[in-house]
Amino acid sequence: MRGKFISFEGPEGGGKSTQAQTLADILRSEGKTVLVTREPGGTRLAEKIRGLLREELEDPPVARSEVLLFLAARAQIVAQVIQPALARGDWVICDRFADSTFAYQGYGRGIDVARLRLLNDFATEGLLPDLTILLDVPPEVSRARLAARQAATATTADRIERAGCAFHRRLRDGFLDLAKAEPERFAVIDASGSRDAVAGQVWSAVRKLVNL
Ligand code: Z5A
């Protein structure tokens with residue numbers, strides 16, 4: 001039987017990586033084989049593209065090449081990692097997927113979302129998650145968490161994190177719009193609570209899939 005594909009989405013600092021690991025632990029304790037991966041990344045080439053996207057270049061990618069780089073990375077991870085795992089019957093949890101392109105490059109950068117959907121469809125051969133968990137946080141919570149992490153790890157904000165408040169407001173509204181348009185695929189979770197409170201809500205959304 002084909003495995004299940006779950007993506008985590010939302011603004012930075014919502015707790016996607018934290019919750020993806022917690023969910024994987026719970027699913028493993030239920031006897032599932034689980035692969036946790038991330039976008040952009042998850043294959044050698046896609047991790048190189050991630051590096052390029054994060055690099056502080058004097059001439060950073062223009063909006064259209066940024067989209068194509070994210071999609072090139074996605075085509076790799078879908079073909080080499082996600083589809084084979086699902087075909088084996090494994091569960092795949094991906095930290096970001098197509099909805100990040102629609103939210104960041106569409107709502108954020110202003111590229112037409114319908115065109116992005118066509119391009120994404122080409123990159124993924126139409127693959128969409130069975131369930132997308134949107135960890136929704138207001139920009140001030142997101143900023144505070146990222147500032148705390150940067151202080152703890154002596155790192156600085158990257159190019160996308162530095163985009164202004166208006167960008168981050170459009171992004172959050174964009175994710176919420178996407179969820180409203182596909183309520184059967186999305187579970188929207190208030191991620192401003194404690195890690196345990198959020199994990200409890202994530203599990204309530206996922207357990208319906210476990211029983212299928
Ligand atoms: N991007 C794009 O533009 N288009 C695309 O198509 C795709 C991506 C696929 C990837 O960044 C960037 O690429 C991203 C979108 C863009 N933009 N930016 N910037 P990334 O993978 O490096 O980072 P991220 O996806 O934005 O994740 P993040 O910043 O690491 O946040 P997170 O995964 O949601 O959260 P976290 O790492 O689990 O937690 C963040 C901190 O908060 C950490 O210190 C935790 O310990 C803490 N935390 C987590 N949960 C809580 C709770 N509940 N309470 C308190 N503190 C918490």
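The model is predicted: local features need pLDDT of at least 70, side-chain atom pairs count only at pLDDT 80 or more, and totals for chains, interfaces and linings use all residues. Residues are numbered from 1 along each chain as its sequence is written, and side-chain values use heavy atoms, without hydrogens and water.

Start with the fold. The chain has eight helices and five strands. These are DSSP runs, with at least four residues (H or I) for a helix and at least two (E) for a strand. From the N terminus, the order is β-α-β-α-α-β-α-α-β-α-α-β-α.

Next, the dimensions. The C-alpha atoms fill a box of roughly 50 × 35 × 35 Å along the principal axes. Of the 212 residues, 48% are buried, meaning under 20% relative accessible area with a 1.4 Å probe, protein chains only.

Now the aromatic rings. The whole structure holds three aromatic pairs. Rings of Phe, Tyr and Trp (its six-membered ring) pair if their centres lie within 6.5 Å; planes under 30 degrees apart are stacked, over 60 edge-to-face, the rest tilted. Phe5 and Phe97 have ring centres 5.0 Å apart and planes at 85°, so this pair is edge-to-face. Phe5 sits in strand β1 and Phe97 in the loop between β3 and α4, so the pair ties together parts 92 residues apart in sequence. Phe5 is buried at 0% relative accessibility. Phe97 is buried, also with 0%.

Tyr104 and Phe167 make a tilted pair, 6.2 Å centre to centre with 55° between the planes. Tyr104 belongs to helix α4 and Phe167 to helix α7, 63 residues apart. Ring pairs join Tyr104, Phe167 and Phe175 into a cluster.

Notes:
Buried < 20%, exposed > 50% of the residue type's maximum accessible area, 1.4 Å probe, protein only.
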